Amino acid sequence: MLKSARKQKKDPEGRMPLAEHLRELRNRLLKSVLAIGVVTVFGLIYYKQIAEFITGPVIDAVGCPEGQTVGQQHSEPCAQITANGLLAPFTIMLKVALATGVVVASPVWLYQLWAFLAPGLHGHEKKYALSFVAAGVPLFLGGAYLAYAILPTSAGALVGLTPEGWDNLFPADEFLDIVTRLVIVFGLAFELPLLLVLLNLGGVITGKRMLGWWRFMVVGITVFAAVATPTGDPLTMSVLAAPIVVLYFAATGVSLLNDRRRRNNNPDAGLSDDEASPLDLTPERFDGVEPVSASRALPEQQGGRSDRTDPVRRNGYDDIT
């Protein structure tokens with residue numbers, strides 16, 4: 001059932017009917033979900049250790065001193081993580097396991113994404129796409145780690161805004177939602193330059209057009225960072241927006257280099273769709289005329305009579321012309 005549709009009938013240009021594309025998409029999704037599910041099972045087994053790993057830096061940054069609670073007097077505001085409700089531990093276990101499955105199985109579903117998009121590229125461009133998959137996994141994990149690294153600082157900045165006399169309690173399920181959202185958003189946001197370069201290799205956009213978009217992209221990335229970060233503080237927003245802007249300009253530079261390489265290899269690459277390519281109308285030299293004997297196809301010619309003795313035909317014609 002999970003056999004690739006492209007292995008059933010190979011096409012050198014990767015063309016398939018719509019039904020085959022849908023079957024291929026289904027197979028890729030099933031493989032991705034299966035990989036995430038397998039890792040999620042291990043996340044269920046070791047969810048306590050994973051939960052301590054996730055919450056540990058935040059507790060060290062904003063947690064109350066050991067042996068004390070939020071209701072006691074402290075020199076600085078502190079917070080505690082709590083599980084509210086009877087089903088809260090079970091819900092937390094599922095969220096921790098699923099987040100672990102998505103992050104750890106990222107090499108599998110990123111490869112499945114590439115395998116579905118790769119036939120749209122030419123043969124000499126697929127090798128670049130494969131290298132982008134190898135770069136996509138570290139980028140996704142790098143974005144996820146960046147979200148994990150800045151979380152204690154963001155939590156400390158937000159807890160520091162607590163008025164005097166107030167207590168801070170972090171519901172565990174809400175806290176894990178924030179962590180999961182940050183990790184996935186940061187990881188996917190770091191894939192933006194790879195997507196842009198892949199579109200450039202496919203001839204969808206050019207590096208010059210990407211360079212002309214830089215003002216709108218910087219504003220859009222900033223707005224995206226403000227919406228995507230659940231904490232909403234300027235520090236977290238800036239930490240997310242700044243690397244994406246840098247990666248965007250890096251992708252623009254790679255696309256410009258690829259466009260120049262494409263122009264050097266193809267002199268007609270810069271022509272628009274409505275512009276005709278130049279034609280070389282210079283006549284070619286020839287050494288001489290090669291005589292060709294005409295075949296006798298008419299009945300009187302097939303009879304063996306010569307044109308010279310035929311009083312009616314002159315030089316192969318029926319009349320004087």
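Along the sequence, the chain runs α-α-α-β-α-α-α-β-α-α-α-α-α-α. That makes 12 helices and two strands. The model is predicted.

**Chain overview**
- The chain has 321 residues, and 33% of them count as buried.
- Its accessible surface comes to about 20,900 Å². Carbon and sulfur atoms account for 63% of that surface.
- Take the contacts between residues at least 6 apart in sequence: 73% of them join residues at least 24 apart.

**Helix α2**
- Helix α2 covers residues 18–45, which is 28 residues.
- At 1.5 Å a residue, α2 should span 40 Å; its end C-alpha atoms lie 41 Å apart, so the two values agree.
- Buried positions in α2 are E24, N27, R28, S32, A35, I36, V39, T40 and G43.

**Largest nonpolar core**
- The largest nonpolar core holds 41 residues. V58, V62, V96, F175 and L240 have the most contacts inside it.
- Seven helices are listed as each giving at least two residues to this core: α3 (47–62), α4 (88–104), α6 (123–159), α7 (172–189), α8 (192–201), α10 (214–228) and α11 (234–265).
- Helix α7 supplies the largest share, nine residues.
- Beyond its neighbours within four places in sequence, V58 is in contact with G63, L151, P152, A155, F170 and F175.

**Another core**
- A separate nonpolar core has nine residues, including I36, V39, V102 and V137.
- Of these, I36 and V39 are among the buried residues of α2.

Key: Residues numbered from 1 in each chain as written. Predicted model: local features only at pLDDT ≥ 70, side-chain atom pairs only at ≥ 80, totals over all residues. Heavy atoms only, no water. Helix = DSSP H or I, 4+ residues; strand = E, 2+ residues; numbered from the N terminus. Buried < 20%, exposed > 50% of the residue type's maximum accessible area, 1.4 Å probe, protein only. Contact = heavy atoms within 4.5 Å. Areas by Shrake-Rupley, 256 points an atom, 1.4 Å probe, with all protein chains shown as cover. Expected span 1.5 Å × (residues − 1). Core = buried A, V, L, I, M, F, W, Y, C linked by side-chain atoms within 4.5 Å.
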